[in-house]
Amino acid sequence: MAQASPFTTPQTHPKKRSGRNREKWIAFLFLLPSILAIAIFVYGFIGWTGYISLSKWNTFVQDLTFSGLDNYRFLFNDFRFQSDLRNTIIFTVLFTLLCIGLGLFLAVLLDQKIKWEGLFRNIFIFPMALSFIVTGVVWQWIFNPSTGINLILKKIGITDPPLWYVQTRVVLPLHIGQIQFGVPMALIAVVIAAVWQLSGFTMAMYLSGLRSIPDELKEAARVDGATEWQTFRYILLPQLKPITFSAVIILGHISLKIFDLIYAMTGPGAAFVTDMPGLYMVETTFKGSHYAQGASIAIIMLLLVSLLIVPYLIFTFRKEETP
Amino acid sequence: MTLSRTGQIILYAILIILALLFLTPIYIMVITSIKPINEATLSGMWKLPSHVDLESYQIAFEKLSPNILNSFYLVIPATILSAVLGSLNGYILSKWRFPGSNILFTLILFGMFIPYQSILIPLIQFLQKIQLYNTIPGLILVHVVYGIPITTLIFRNFYANIPTEMIEAAKIDGNSIWGIYQRIILPLSIPGFVVVGIWQFTQIWNEFLFAVTITNTSQQPIMVALQNLSGSQIVQWNIQMAGALLAALPTLIVYIFLGKYFIRGLLAGSLKG
(Lines give C-alpha, C1' and ligand atoms only; values in the text may rest on other atoms or scores of the structure.)
Protein backbone atom coordinates (compact mmCIF):
# COMPACT_ATOMS: atom_id res chain seq x y z
CA MET A 1 0.00 0.00 0.00
CA ALA A 2 1.17 3.47 -0.77
CA GLN A 3 2.15 5.42 2.29
CA ALA A 4 1.25 9.07 2.40
CA SER A 5 3.37 11.50 4.31
CA PRO A 6 2.75 11.15 8.05
CA PHE A 7 1.46 14.70 8.20
CA THR A 8 -1.37 14.37 5.68
CA THR A 9 -4.34 12.43 6.90
CA PRO A 10 -5.75 10.00 4.38
CA GLN A 11 -9.06 9.12 5.90
CA THR A 12 -10.07 6.31 3.64
CA HIS A 13 -8.90 3.33 5.66
CA PRO A 14 -9.11 4.32 9.29
CA LYS A 15 -9.11 0.72 10.45
CA LYS A 16 -5.88 -0.35 8.83
CA ARG A 17 -3.29 -1.53 11.30
CA SER A 18 -0.65 0.87 10.01
CA GLY A 19 -3.17 3.64 10.64
CA ARG A 20 -3.60 2.49 14.26
CA ASN A 21 0.12 2.47 14.82
CA ARG A 22 0.54 5.84 13.26
CA GLU A 23 -2.18 7.22 15.49
CA LYS A 24 -0.22 6.09 18.53
CA TRP A 25 2.81 7.89 17.21
CA ILE A 26 0.85 11.06 16.58
CA ALA A 27 -0.58 10.83 20.08
CA PHE A 28 2.95 10.56 21.39
CA LEU A 29 4.04 13.56 19.30
CA PHE A 30 1.34 15.67 20.93
CA LEU A 31 2.87 14.92 24.29
CA LEU A 32 6.44 15.35 23.18
CA PRO A 33 6.91 19.02 24.16
CA SER A 34 5.63 18.31 27.66
CA ILE A 35 7.65 15.12 27.94
CA LEU A 36 10.82 16.95 26.96
CA ALA A 37 10.05 19.82 29.31
CA ILE A 38 9.46 17.49 32.25
CA ALA A 39 12.46 15.33 31.36
CA ILE A 40 14.75 18.36 31.40
CA PHE A 41 13.17 20.65 33.98
CA VAL A 42 12.27 17.99 36.51
CA TYR A 43 14.47 14.93 36.11
CA GLY A 44 17.44 16.58 34.40
CA PHE A 45 17.56 19.44 36.88
CA ILE A 46 17.20 17.09 39.85
CA GLY A 47 20.16 15.15 38.49
CA TRP A 48 22.17 18.33 38.10
CA THR A 49 21.26 19.43 41.65
CA GLY A 50 22.40 16.03 42.89
CA TYR A 51 25.69 16.51 41.04
CA ILE A 52 26.16 19.99 42.54
CA SER A 53 25.46 18.57 45.98
CA LEU A 54 28.53 16.35 45.61
CA SER A 55 30.77 19.23 44.55
CA LYS A 56 32.87 21.87 46.27
CA TRP A 57 30.80 24.79 44.94
CA ASN A 58 30.49 26.66 48.21
CA THR A 59 31.66 30.08 47.10
CA PHE A 60 30.44 32.61 44.59
CA VAL A 61 32.64 31.06 41.92
CA GLN A 62 31.36 27.82 40.46
CA ASP A 63 33.58 24.89 41.44
CA LEU A 64 32.30 21.47 40.47
CA THR A 65 35.24 19.49 41.88
CA PHE A 66 33.95 16.26 43.35
CA SER A 67 33.83 16.28 47.13
CA GLY A 68 31.91 13.11 47.86
CA LEU A 69 29.40 13.33 50.67
CA ASP A 70 31.16 16.20 52.45
CA ASN A 71 28.22 18.57 52.14
CA TYR A 72 25.80 15.99 53.54
CA ARG A 73 28.21 15.20 56.35
CA PHE A 74 28.44 18.89 57.14
CA LEU A 75 24.66 19.23 57.27
CA PHE A 76 24.03 16.34 59.59
CA ASN A 77 26.54 17.85 62.02
CA ASP A 78 25.10 21.33 61.59
CA PHE A 79 22.99 22.66 64.46
CA ARG A 80 20.76 24.65 62.13
CA PHE A 81 20.02 21.69 59.90
CA GLN A 82 19.39 19.40 62.84
CA SER A 83 16.90 21.94 64.16
CA ASP A 84 15.32 22.06 60.71
CA LEU A 85 14.77 18.33 60.66
CA ARG A 86 13.25 18.40 64.14
CA ASN A 87 11.01 21.32 63.18
CA THR A 88 9.92 19.67 59.95
CA ILE A 89 8.90 16.47 61.70
CA ILE A 90 7.05 18.25 64.51
CA PHE A 91 5.40 20.71 62.13
CA THR A 92 4.30 17.98 59.72
CA VAL A 93 2.77 15.85 62.46
CA LEU A 94 0.95 18.70 64.20
CA PHE A 95 -0.17 20.40 61.01
CA THR A 96 -1.45 17.23 59.34
CA LEU A 97 -3.25 15.97 62.45
CA LEU A 98 -4.89 19.31 63.21
CA CYS A 99 -5.96 19.95 59.62
CA ILE A 100 -7.48 16.50 59.34
CA GLY A 101 -9.15 16.70 62.76
CA LEU A 102 -10.56 20.17 62.29
CA GLY A 103 -11.43 19.55 58.64
CA LEU A 104 -13.34 16.38 59.45
CA PHE A 105 -15.07 18.07 62.39
CA LEU A 106 -16.18 21.00 60.22
CA ALA A 107 -17.33 18.69 57.44
CA VAL A 108 -19.45 16.64 59.84
CA LEU A 109 -21.00 19.80 61.28
CA LEU A 110 -21.79 21.15 57.83
CA ASP A 111 -23.26 17.83 56.77
CA GLN A 112 -26.11 18.24 59.30
CA LYS A 113 -28.38 20.05 56.82
CA ILE A 114 -27.58 23.47 58.16
CA LYS A 115 -29.07 26.78 57.21
CA TRP A 116 -26.56 29.03 55.41
CA GLU A 117 -24.36 26.05 54.73
CA GLY A 118 -22.84 27.81 51.73
CA LEU A 119 -21.89 30.84 53.78
CA PHE A 120 -20.18 28.78 56.49
CA ARG A 121 -18.41 26.67 53.89
CA ASN A 122 -17.11 29.74 52.10
CA ILE A 123 -15.84 31.24 55.36
CA PHE A 124 -13.88 28.10 56.17
CA ILE A 125 -12.36 27.75 52.71
CA PHE A 126 -11.52 31.34 51.78
CA PRO A 127 -8.03 31.30 53.37
CA MET A 128 -7.08 28.85 50.59
CA ALA A 129 -7.45 31.71 48.11
CA LEU A 130 -4.78 33.69 49.95
CA SER A 131 -1.07 33.47 49.48
CA PHE A 132 1.12 32.11 52.28
CA ILE A 133 2.84 35.50 52.16
CA VAL A 134 -0.40 37.33 52.98
CA THR A 135 -1.17 34.79 55.69
CA GLY A 136 2.32 35.22 57.10
CA VAL A 137 2.12 39.00 57.14
CA VAL A 138 -1.20 39.00 59.02
CA TRP A 139 -0.46 36.21 61.50
CA GLN A 140 2.90 37.74 62.26
CA TRP A 141 0.94 40.57 63.86
CA ILE A 142 -1.65 38.39 65.53
CA PHE A 143 1.06 36.39 67.30
CA ASN A 144 3.36 39.34 67.93
CA PRO A 145 4.21 39.02 71.67
CA SER A 146 3.48 42.68 72.40
CA THR A 147 0.14 42.92 70.62
CA GLY A 148 -2.45 40.72 68.92
CA ILE A 149 -3.69 37.72 70.85
CA ASN A 150 -1.61 38.69 73.86
CA LEU A 151 -3.61 41.91 74.31
CA ILE A 152 -6.70 39.76 74.69
CA LEU A 153 -4.95 37.30 76.98
CA LYS A 154 -3.81 40.17 79.21
CA LYS A 155 -7.32 41.54 79.29
CA ILE A 156 -8.70 38.26 80.60
CA GLY A 157 -6.09 38.26 83.35
CA ILE A 158 -3.19 36.26 81.95
CA THR A 159 -0.29 38.43 83.08
CA ASP A 160 2.43 36.30 81.59
CA PRO A 161 1.24 35.37 78.10
CA PRO A 162 3.31 33.16 75.80
CA LEU A 163 5.89 34.80 73.58
CA TRP A 164 4.69 32.69 70.63
CA TYR A 165 7.23 32.52 67.84
CA VAL A 166 9.80 34.49 69.81
CA GLN A 167 9.99 31.73 72.40
CA THR A 168 13.11 29.54 72.28
CA ARG A 169 11.88 26.91 74.71
CA VAL A 170 11.70 23.33 73.48
CA VAL A 171 9.16 21.26 75.38
CA LEU A 172 9.96 17.66 76.27
CA PRO A 173 13.60 18.15 75.42
CA LEU A 174 15.50 15.05 74.54
CA HIS A 175 19.15 15.61 73.85
CA ILE A 176 20.58 13.81 70.87
CA GLY A 177 24.03 15.21 70.24
CA GLN A 178 23.81 18.99 70.30
CA ILE A 179 20.14 19.06 69.43
CA GLN A 180 17.16 19.32 71.71
CA PHE A 181 14.59 17.01 70.30
CA GLY A 182 11.10 17.94 71.38
CA VAL A 183 8.39 20.42 70.51
CA PRO A 184 9.65 23.99 70.01
CA MET A 185 6.90 26.21 71.45
CA ALA A 186 7.54 28.83 68.78
CA LEU A 187 6.32 26.45 66.10
CA ILE A 188 2.83 26.40 67.60
CA ALA A 189 2.10 29.88 66.23
CA VAL A 190 3.19 28.86 62.74
CA VAL A 191 1.17 25.65 62.92
CA ILE A 192 -1.96 27.62 63.87
CA ALA A 193 -1.52 29.97 60.91
CA ALA A 194 -1.00 27.04 58.53
CA VAL A 195 -3.99 25.16 59.92
CA TRP A 196 -6.11 28.28 59.51
CA GLN A 197 -5.13 28.37 55.86
CA LEU A 198 -5.58 24.71 54.95
CA SER A 199 -8.16 23.09 57.24
CA GLY A 200 -10.93 24.41 54.97
CA PHE A 201 -9.36 22.44 52.16
CA THR A 202 -9.52 19.25 54.20
CA MET A 203 -13.10 20.15 55.09
CA ALA A 204 -14.00 20.45 51.41
CA MET A 205 -12.48 17.05 50.73
CA TYR A 206 -14.35 15.39 53.58
CA LEU A 207 -17.59 17.15 52.73
CA SER A 208 -17.48 15.86 49.17
CA GLY A 209 -16.68 12.43 50.60
CA LEU A 210 -19.62 12.51 53.01
CA ARG A 211 -21.93 13.65 50.23
CA SER A 212 -20.91 10.76 48.02
CA ILE A 213 -21.91 8.16 50.63
CA PRO A 214 -25.37 6.93 49.66
CA ASP A 215 -28.11 8.06 52.04
CA GLU A 216 -29.51 4.52 52.17
CA LEU A 217 -26.39 3.42 54.00
CA LYS A 218 -26.93 5.96 56.77
CA GLU A 219 -30.67 5.27 56.88
CA ALA A 220 -30.09 1.53 57.12
CA ALA A 221 -27.79 2.03 60.08
CA ARG A 222 -30.34 4.22 61.83
CA VAL A 223 -33.13 1.78 61.18
CA ASP A 224 -30.96 -0.87 62.81
CA GLY A 225 -30.93 1.34 65.89
CA ALA A 226 -27.44 2.77 65.60
CA THR A 227 -26.86 6.05 67.40
CA GLU A 228 -25.52 9.06 65.49
CA TRP A 229 -22.06 8.35 66.88
CA GLN A 230 -22.21 4.67 65.94
CA THR A 231 -23.33 5.53 62.43
CA PHE A 232 -20.43 7.92 62.12
CA ARG A 233 -17.88 5.60 63.67
CA TYR A 234 -18.82 2.36 61.91
CA ILE A 235 -20.46 3.49 58.67
CA LEU A 236 -19.15 6.90 57.63
CA LEU A 237 -15.60 6.90 58.94
CA PRO A 238 -14.51 3.70 57.14
CA GLN A 239 -15.93 5.14 53.89
CA LEU A 240 -13.79 8.24 54.34
CA LYS A 241 -10.52 6.32 54.50
CA PRO A 242 -9.40 7.08 50.94
CA ILE A 243 -10.00 10.79 51.58
CA THR A 244 -7.91 10.72 54.73
CA PHE A 245 -5.22 8.96 52.72
CA SER A 246 -5.25 11.70 50.05
CA ALA A 247 -5.32 14.43 52.71
CA VAL A 248 -2.27 13.00 54.46
CA ILE A 249 -0.39 12.90 51.16
CA ILE A 250 -1.29 16.45 50.21
CA LEU A 251 -0.90 18.10 53.61
CA GLY A 252 2.23 16.07 54.34
CA HIS A 253 4.00 17.12 51.18
CA ILE A 254 2.98 20.74 51.63
CA SER A 255 4.42 20.82 55.12
CA LEU A 256 7.64 19.01 54.19
CA LYS A 257 8.44 21.75 51.71
CA ILE A 258 6.92 24.73 53.49
CA PHE A 259 8.80 27.91 52.78
CA ASP A 260 6.74 31.08 52.11
CA LEU A 261 4.79 31.05 55.36
CA ILE A 262 7.95 30.74 57.44
CA TYR A 263 9.75 33.32 55.35
CA ALA A 264 6.97 35.88 55.79
CA MET A 265 5.91 35.12 59.34
CA THR A 266 8.94 34.32 61.48
CA GLY A 267 12.08 33.66 59.48
CA PRO A 268 14.45 31.12 61.03
CA GLY A 269 13.63 32.35 64.54
CA ALA A 270 15.96 32.62 67.52
CA ALA A 271 18.06 29.44 67.85
CA PHE A 272 16.33 28.29 64.64
CA VAL A 273 13.16 27.29 66.49
CA THR A 274 11.00 28.01 63.44
CA ASP A 275 13.52 27.27 60.71
CA MET A 276 12.79 24.76 57.96
CA PRO A 277 14.96 23.11 55.29
CA GLY A 278 13.21 25.06 52.52
CA LEU A 279 14.22 28.35 54.11
CA TYR A 280 17.74 27.22 54.98
CA MET A 281 18.26 26.10 51.40
CA VAL A 282 17.30 29.47 49.94
CA GLU A 283 19.28 31.47 52.50
CA THR A 284 22.45 29.43 52.31
CA THR A 285 22.37 29.26 48.51
CA PHE A 286 21.45 32.79 47.58
CA LYS A 287 22.67 34.81 50.55
CA GLY A 288 25.69 32.73 51.45
CA SER A 289 26.56 31.39 47.97
CA HIS A 290 26.96 27.92 49.47
CA TYR A 291 25.54 26.31 46.36
CA ALA A 292 26.70 22.77 47.08
CA GLN A 293 25.27 22.87 50.59
CA GLY A 294 22.03 24.35 49.29
CA ALA A 295 21.84 21.58 46.71
CA SER A 296 22.37 18.97 49.44
CA ILE A 297 19.52 20.41 51.51
CA ALA A 298 17.34 20.36 48.39
CA ILE A 299 18.16 16.71 47.72
CA ILE A 300 17.34 15.78 51.33
CA MET A 301 14.02 17.63 51.01
CA LEU A 302 13.30 15.74 47.81
CA LEU A 303 14.06 12.43 49.52
CA LEU A 304 11.75 13.30 52.42
CA VAL A 305 8.92 14.19 50.04
CA SER A 306 9.61 11.09 47.94
CA LEU A 307 9.20 8.84 50.98
CA LEU A 308 5.62 10.04 51.07
CA ILE A 309 4.85 10.51 47.39
CA VAL A 310 6.51 7.63 45.57
CA PRO A 311 4.55 4.87 47.36
CA TYR A 312 1.40 6.91 46.72
CA LEU A 313 2.15 7.25 43.01
CA ILE A 314 3.00 3.56 42.68
CA PHE A 315 -0.20 2.68 44.48
CA THR A 316 -2.42 4.83 42.25
CA PHE A 317 -0.55 3.65 39.16
CA ARG A 318 -1.16 0.00 40.05
CA LYS A 319 -4.81 0.68 40.73
CA GLU A 320 -5.23 2.17 37.25
CA GLU A 321 -3.39 -0.62 35.51
CA THR A 322 -5.72 -3.23 37.01
CA PRO A 323 -9.21 -1.80 36.67
CA MET B 1 -32.47 15.69 61.10
CA THR B 2 -32.52 13.78 64.33
CA LEU B 3 -30.73 16.37 66.42
CA SER B 4 -32.63 17.68 69.44
CA ARG B 5 -33.29 21.35 69.92
CA THR B 6 -30.36 21.74 72.33
CA GLY B 7 -28.26 19.81 69.87
CA GLN B 8 -29.21 22.28 67.16
CA ILE B 9 -28.31 25.25 69.34
CA ILE B 10 -24.93 23.78 70.24
CA LEU B 11 -24.26 22.97 66.60
CA TYR B 12 -24.94 26.52 65.45
CA ALA B 13 -23.03 28.00 68.38
CA ILE B 14 -19.93 25.98 67.48
CA LEU B 15 -20.22 26.91 63.81
CA ILE B 16 -20.64 30.61 64.54
CA ILE B 17 -17.70 30.69 66.96
CA LEU B 18 -15.46 28.88 64.49
CA ALA B 19 -16.57 31.14 61.65
CA LEU B 20 -15.74 34.21 63.73
CA LEU B 21 -12.32 32.77 64.57
CA PHE B 22 -11.68 32.10 60.89
CA LEU B 23 -12.63 35.67 60.04
CA THR B 24 -10.44 37.25 62.73
CA PRO B 25 -7.38 37.76 60.50
CA ILE B 26 -9.61 39.44 57.91
CA TYR B 27 -11.07 41.68 60.62
CA ILE B 28 -7.54 42.70 61.65
CA MET B 29 -6.55 43.33 58.04
CA VAL B 30 -9.57 45.42 57.21
CA ILE B 31 -9.78 47.59 60.32
CA THR B 32 -6.03 48.17 60.39
CA SER B 33 -5.89 49.10 56.74
CA ILE B 34 -8.49 51.85 57.17
CA LYS B 35 -6.89 53.39 60.26
CA PRO B 36 -5.15 56.74 60.22
CA ILE B 37 -1.42 56.41 60.95
CA ASN B 38 -1.66 57.58 64.57
CA GLU B 39 -4.29 54.97 65.42
CA ALA B 40 -2.40 52.04 63.92
CA THR B 41 -0.58 51.26 67.13
CA LEU B 42 0.31 48.01 68.83
CA SER B 43 -1.94 48.67 71.82
CA GLY B 44 -4.95 49.60 69.70
CA MET B 45 -4.76 46.58 67.42
CA TRP B 46 -8.28 45.28 68.02
CA LYS B 47 -10.00 48.67 68.25
CA LEU B 48 -12.10 50.04 65.44
CA PRO B 49 -10.77 53.20 63.82
CA SER B 50 -12.33 56.54 64.85
CA HIS B 51 -12.93 57.26 61.19
CA VAL B 52 -12.22 55.59 57.87
CA ASP B 53 -8.93 56.79 56.44
CA LEU B 54 -7.97 55.43 53.04
CA GLU B 55 -4.57 57.08 52.88
CA SER B 56 -2.82 53.79 53.58
CA TYR B 57 -4.38 52.32 50.45
CA GLN B 58 -3.13 55.24 48.44
CA ILE B 59 0.42 54.80 49.75
CA ALA B 60 0.34 51.01 49.39
CA PHE B 61 -1.04 51.27 45.89
CA GLU B 62 1.63 53.75 44.83
CA LYS B 63 4.32 51.41 46.09
CA LEU B 64 2.83 48.19 44.82
CA SER B 65 1.11 49.03 41.56
CA PRO B 66 4.15 48.27 39.33
CA ASN B 67 4.39 44.86 40.98
CA ILE B 68 0.67 44.22 40.67
CA LEU B 69 1.06 44.92 36.96
CA ASN B 70 4.04 42.55 36.81
CA SER B 71 1.88 39.87 38.37
CA PHE B 72 -0.82 40.36 35.76
CA TYR B 73 1.76 40.25 32.93
CA LEU B 74 2.96 37.00 34.43
CA VAL B 75 -0.28 35.33 35.44
CA ILE B 76 -2.40 35.84 32.35
CA PRO B 77 -0.10 34.31 29.70
CA ALA B 78 1.20 31.64 32.08
CA THR B 79 -2.33 30.57 32.97
CA ILE B 80 -3.50 30.41 29.36
CA LEU B 81 -0.42 28.55 28.10
CA SER B 82 -0.41 26.00 30.89
CA ALA B 83 -4.14 25.39 30.49
CA VAL B 84 -3.74 24.76 26.75
CA LEU B 85 -0.84 22.36 27.31
CA GLY B 86 -2.74 20.60 30.08
CA SER B 87 -5.78 20.22 27.88
CA LEU B 88 -3.80 18.62 25.04
CA ASN B 89 -1.92 16.32 27.42
CA GLY B 90 -5.06 15.36 29.31
CA TYR B 91 -6.81 14.57 26.03
CA ILE B 92 -4.07 12.28 24.78
CA LEU B 93 -3.53 10.59 28.14
CA SER B 94 -7.19 9.83 28.64
CA LYS B 95 -8.40 9.10 25.09
CA TRP B 96 -5.36 8.01 23.09
CA ARG B 97 -3.49 5.77 25.46
CA PHE B 98 -0.46 4.03 24.05
CA PRO B 99 1.86 1.46 25.58
CA GLY B 100 3.61 3.16 28.46
CA SER B 101 1.27 6.13 28.61
CA ASN B 102 0.25 5.44 32.18
CA ILE B 103 3.79 5.23 33.43
CA LEU B 104 4.53 8.41 31.51
CA PHE B 105 1.63 10.10 33.25
CA THR B 106 2.88 8.95 36.64
CA LEU B 107 6.34 10.30 35.83
CA ILE B 108 4.82 13.65 34.82
CA LEU B 109 2.70 13.70 37.99
CA PHE B 110 5.76 13.37 40.18
CA GLY B 111 6.76 16.86 39.06
CA MET B 112 3.79 18.22 40.96
CA PHE B 113 5.08 17.09 44.32
CA ILE B 114 8.79 17.90 44.17
CA PRO B 115 10.10 20.69 46.38
CA TYR B 116 11.11 23.33 43.87
CA GLN B 117 14.30 23.90 45.80
CA SER B 118 15.51 20.66 44.24
CA ILE B 119 15.54 22.18 40.75
CA LEU B 120 16.16 25.80 41.65
CA ILE B 121 19.92 26.12 41.15
CA PRO B 122 19.97 24.47 37.68
CA LEU B 123 16.85 26.43 36.76
CA ILE B 124 18.53 29.73 37.54
CA GLN B 125 21.67 28.70 35.65
CA PHE B 126 19.49 27.73 32.71
CA LEU B 127 17.54 31.00 32.75
CA GLN B 128 20.77 32.96 32.91
CA LYS B 129 22.09 31.04 29.93
CA ILE B 130 19.03 31.74 27.78
CA GLN B 131 18.95 35.33 29.08
CA LEU B 132 15.56 35.07 30.71
CA TYR B 133 16.79 35.43 34.28
CA ASN B 134 15.14 38.36 36.08
CA THR B 135 12.48 38.70 33.41
CA ILE B 136 8.74 38.14 33.41
CA PRO B 137 8.96 35.86 30.31
CA GLY B 138 11.41 33.74 32.30
CA LEU B 139 8.88 33.38 35.11
CA ILE B 140 6.14 32.62 32.59
CA LEU B 141 8.26 29.80 31.16
CA VAL B 142 8.85 28.43 34.65
CA HIS B 143 5.20 28.47 35.63
CA VAL B 144 4.10 26.92 32.35
CA VAL B 145 6.59 24.08 32.69
CA TYR B 146 5.95 23.32 36.35
CA GLY B 147 2.22 23.74 35.78
CA ILE B 148 2.17 20.83 33.31
CA PRO B 149 1.64 18.09 35.94
CA ILE B 150 -1.35 19.64 37.69
CA THR B 151 -3.09 20.95 34.57
CA THR B 152 -2.58 17.58 32.87
CA LEU B 153 -3.99 15.80 35.92
CA ILE B 154 -7.09 17.99 36.15
CA PHE B 155 -7.85 17.78 32.41
CA ARG B 156 -7.20 14.04 32.33
CA ASN B 157 -9.73 13.53 35.13
CA PHE B 158 -12.11 15.91 33.42
CA TYR B 159 -11.90 14.14 30.04
CA ALA B 160 -12.33 10.76 31.67
CA ASN B 161 -16.00 11.77 32.02
CA ILE B 162 -16.45 12.22 28.27
CA PRO B 163 -17.72 8.89 26.96
CA THR B 164 -15.17 6.99 24.89
CA GLU B 165 -17.93 5.92 22.48
CA MET B 166 -18.14 9.48 21.21
CA ILE B 167 -14.46 9.39 20.35
CA GLU B 168 -14.78 5.96 18.77
CA ALA B 169 -17.68 7.13 16.63
CA ALA B 170 -15.73 10.15 15.48
CA LYS B 171 -12.78 7.93 14.63
CA ILE B 172 -14.96 5.72 12.46
CA ASP B 173 -16.22 8.83 10.72
CA GLY B 174 -12.63 9.40 9.75
CA ASN B 175 -11.66 12.21 12.12
CA SER B 176 -8.00 12.61 13.03
CA ILE B 177 -6.68 13.07 16.56
CA TRP B 178 -6.59 16.80 16.04
CA GLY B 179 -10.00 16.84 14.36
CA ILE B 180 -11.61 15.05 17.29
CA TYR B 181 -9.95 17.44 19.70
CA GLN B 182 -11.19 20.47 17.81
CA ARG B 183 -14.71 19.25 17.04
CA ILE B 184 -15.62 17.20 20.12
CA ILE B 185 -13.26 17.72 23.03
CA LEU B 186 -12.64 21.43 22.87
CA PRO B 187 -16.31 22.50 22.83
CA LEU B 188 -16.92 20.31 25.89
CA SER B 189 -13.85 21.64 27.68
CA ILE B 190 -15.09 25.03 28.85
CA PRO B 191 -15.78 24.00 32.47
CA GLY B 192 -12.40 22.27 32.50
CA PHE B 193 -10.70 25.44 31.32
CA VAL B 194 -12.52 27.47 33.97
CA VAL B 195 -11.40 25.12 36.76
CA VAL B 196 -7.81 24.91 35.53
CA GLY B 197 -7.71 28.63 34.79
CA ILE B 198 -8.83 29.53 38.31
CA TRP B 199 -6.45 27.05 39.85
CA GLN B 200 -3.43 28.26 37.88
CA PHE B 201 -4.34 31.92 38.28
CA THR B 202 -4.50 31.52 42.06
CA GLN B 203 -1.36 29.42 42.31
CA ILE B 204 0.79 31.62 40.09
CA TRP B 205 -0.49 34.84 41.63
CA ASN B 206 0.31 33.55 45.11
CA GLU B 207 3.61 31.88 44.25
CA PHE B 208 6.69 33.15 46.06
CA LEU B 209 9.75 30.90 45.81
CA PHE B 210 10.34 31.30 42.07
CA ALA B 211 9.35 34.94 42.19
CA VAL B 212 11.81 35.81 44.94
CA THR B 213 14.74 33.87 43.50
CA ILE B 214 14.29 34.52 39.79
CA THR B 215 13.46 38.22 39.82
CA ASN B 216 14.86 41.26 41.52
CA THR B 217 13.91 44.93 41.64
CA SER B 218 11.62 46.13 38.88
CA GLN B 219 10.59 42.68 37.65
CA GLN B 220 9.22 41.46 40.98
CA PRO B 221 5.67 40.14 41.17
CA ILE B 222 3.38 41.41 43.89
CA MET B 223 4.06 38.81 46.58
CA VAL B 224 7.77 39.63 46.67
CA ALA B 225 7.02 43.33 46.86
CA LEU B 226 4.52 42.75 49.66
CA GLN B 227 7.09 40.76 51.60
CA ASN B 228 9.66 43.53 51.13
CA LEU B 229 7.10 46.08 52.28
CA SER B 230 6.47 44.22 55.52
CA GLY B 231 10.14 43.39 55.94
CA SER B 232 11.17 47.03 56.18
CA GLN B 233 10.71 48.33 59.70
CA ILE B 234 9.85 51.94 58.90
CA VAL B 235 6.55 51.19 57.21
CA GLN B 236 3.46 51.53 59.35
CA TRP B 237 1.39 48.44 59.64
CA ASN B 238 -1.79 50.04 58.39
CA ILE B 239 0.07 50.33 55.08
CA GLN B 240 1.22 46.73 55.30
CA MET B 241 -2.32 45.54 55.85
CA ALA B 242 -3.61 47.69 53.00
CA GLY B 243 -0.86 46.19 50.85
CA ALA B 244 -1.73 42.67 51.93
CA LEU B 245 -5.38 43.24 51.06
CA LEU B 246 -4.50 44.72 47.67
CA ALA B 247 -2.25 41.74 46.97
CA ALA B 248 -4.97 39.30 48.00
CA LEU B 249 -7.78 41.06 46.18
CA PRO B 250 -7.54 39.43 42.72
CA THR B 251 -7.62 35.88 44.08
CA LEU B 252 -10.29 36.78 46.64
CA ILE B 253 -12.46 38.24 43.89
CA VAL B 254 -12.02 35.09 41.84
CA TYR B 255 -12.93 33.06 44.90
CA ILE B 256 -16.01 35.12 45.74
CA PHE B 257 -17.43 35.06 42.22
CA LEU B 258 -16.27 31.66 41.02
CA GLY B 259 -16.06 29.84 44.34
CA LYS B 260 -17.81 26.75 43.01
CA TYR B 261 -15.18 26.23 40.34
CA PHE B 262 -12.43 27.15 42.76
CA ILE B 263 -13.46 24.32 45.08
CA ARG B 264 -13.91 21.98 42.16
CA GLY B 265 -10.34 22.77 41.15
CA LEU B 266 -9.14 22.05 44.67
CA LEU B 267 -10.85 18.71 44.69
CA ALA B 268 -9.87 17.84 41.12
CA GLY B 269 -6.26 18.41 42.05
CA SER B 270 -6.50 16.24 45.11
CA LEU B 271 -9.00 13.48 44.50
CA LYS B 272 -8.39 11.29 41.55
CA GLY B 273 -11.11 10.16 39.19
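How many residue pairs are in polar contact between chain A and chain B? What we have here is a predicted model.

The count between the two chains is 18 residue pairs in polar contact, with both partners at pLDDT 80 or more. And salt bridges? Across the interface of chain A and chain B, the rule finds zero.

Look at who supplies chain A's side. Helix α1 of chain A, residues 17-53, gives the most to the side that touches chain B, with 19 residues. By type, that side of chain A divides into 65 nonpolar, 19 polar and ten charged residues.

Now the extent of the interface. The size of an interface is often given as the accessible area lost when the parts come together. For chain A and chain B, the buried area is about 8500 Å². Carbon and sulfur atoms give 78% of that. In chain A, the residues that lose the most area to chain B are Phe30(A), Phe41(A) and Trp141(A). Together they make up 8% of what that side buries. In contacts, 94 residues of chain A meet 91 residues of chain B.

Which residues does Trp46(B) contact, leaving aside its neighbours within four places in sequence? From chain A, they are Gly148(A), Ile149(A), Leu151(A) and Ile152(A). From chain B, they are Thr24(B), Tyr27(B), Ile28(B) and Ile31(B). For scale, the C-alpha atoms of Trp46(B) and Ser4(B) are separated by 37 Å, and the two are 42 residues apart along the chain.

The structure holds three cavities of 30 Å³ or more.

Last, salt bridges over all chains. There are twelve. One pairs the side chains of Arg80(A) and Asp275(A), at 2.7 Å, N to O. That pair links distant parts of the chain, 195 residues apart. Arg80(A) is in helix α3, residues 79-110. Asp275(A) is in the loop between α11 (260-265) and α12 (277-287).

Terms used:
Residues numbered from 1 in each chain as written. Chains lettered and ligands numbered in written order. Predicted model: local features only at pLDDT ≥ 70, side-chain atom pairs only at ≥ 80, totals over all residues. Heavy atoms only, no water. Contact = heavy atoms within 4.5 Å. Buried area = accessible area lost by both parts, 1.4 Å probe. Salt bridge = Lys/Arg side-chain N within 4 Å of Asp/Glu carboxyl O. Polar contact = N/O pair within 3.5 Å; in protein donor to acceptor, adjacent residues only side chain to side chain. Helix = DSSP H or I, 4+ residues; strand = E, 2+ residues; numbered from the N terminus. Nonpolar A, V, L, I, M, F, W, Y, C, P; charged D, E, K, R; others polar. 1 Å grid on protein atoms, 1.4 Å probe; cavity = no way out; pocket = protein on both sides within 12 Å on 5 of 7 lines; lining within 4 Å. Points joined across faces, edges and corners; volume = space filled by probe spheres on them.
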